[in-house]
Each structure stands twice: as structure tokens, then as C-alpha cells.
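Biologist: I am new to this structure and would like to learn how to read it. Please take me through a few features.

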Amino acid sequence: MALPKPGMPVRGSKTGRPIMALLDLLGRRWVLRILWELRDVPLTFRELRERCDAMSPTVLNQRLRELRDAEIVVLEEPSGYALSKQGRQLLEALMPLQRWSEQWQKKLAAKVDQDS
């Protein structure tokens, strides 16, 4: 599967809109988890694999290659993989969704409590 790029057709969209390319990339299995695990500190390949429930090394390698090609992740020797400046900006942009999801969880849990 080719790396989604703004200006080019991607899964689910032929428009080439940048948001569609980003959503295609973020929708790939394990991508969001990798970004989340790299949010605080660089991690070696092995550390990242352990934090991602021991996903297959082949898949992790592929996702890291895609994220590096997209300039979202960088390899910093000797500390390992880290978010690039763009990657940190992307994670900051996703944080409102994190907060929203926590509120959503509370609302749904309150509804379950009321129904019980």
C-alpha cells in the first residue's frame, strides 16, 4: 500500500485533499498507537514493540517506515524513534479528540448507570 500523500487519491477519496491523506495514514493499523507511545520519550524498536502489545516486527517496521517517509517520526541515534516537530504538532492537534473521548466515555457510563 502506497504512502498516502496530499494531492494524490487515497483510500476512500479521489480528491487529493490533505485531510483525506492524513486520515488514510492515521487509519492504518497501529499508527495511532505508535504515535501515542512516542508522545513522551524516544523508544527503541524493541521498546516500541513491547509497548504495542508485541505487534509483528514486520508491521512495526512498515509503519515506522511510512511515518518516517511522512516526516512524522524520526530515528534519533542512539535513543530510537521519536516524533518529529510535525509529529508533535499532529499529536497536539489530536489532543482535543482525546479530551472529547474522555467526556464521551463519562457520558456513556453515566447513561449505563441510569439504566441499571
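Biologist: Which residues does Leu 75 touch, not counting residues up to four places away in sequence?

Modeller: Contact means heavy atoms within 4.5 Å. On that basis Leu 75 touches Arg 68, Gly 80 and Tyr 81. This is a predicted model, in which local features need pLDDT of at least 70 and side-chain atom pairs count only at pLDDT 80 or more, while totals for chains, interfaces and linings use all residues. Residues are numbered from 1 along each chain as its sequence is written, and side-chain values use heavy atoms, leaving out hydrogens and water.

Biologist: Is Leu 75 buried, partly exposed or exposed?

Modeller: Buried means under 20% relative accessible area, exposed over 50%, and partly exposed in between (1.4 Å probe, protein chains only). Leu 75 has 33% relative accessibility and counts as partly exposed. Its place is in strand 1 (residues 73–76).

Biologist: How are helices and strands assigned?

Modeller: They are DSSP runs, numbered from the N terminus: helices are H or I with at least four residues, strands E with at least two.

Biologist: Which residues of helix 4 are buried?

Modeller: In helix 4 (residues 57–69), the buried residues are Leu 60, Arg 63, Leu 64, Glu 66 and Leu 67. They lie on the same side of helix 4, because they cover an arc of only 160° around the axis. The arc is taken from the directions from the helix axis to the C-beta atoms. Thr 58 and Asp 69, on the other side, are exposed.

Biologist: What do the buried residues of helix 4 pack against?

Modeller: They pack against helix 1, helix 2, helix 3 (45–51), strand 1 and strand 2 (80–83).

Note on methods
The expected span of a helix is 1.5 Å times one less than its number of residues.
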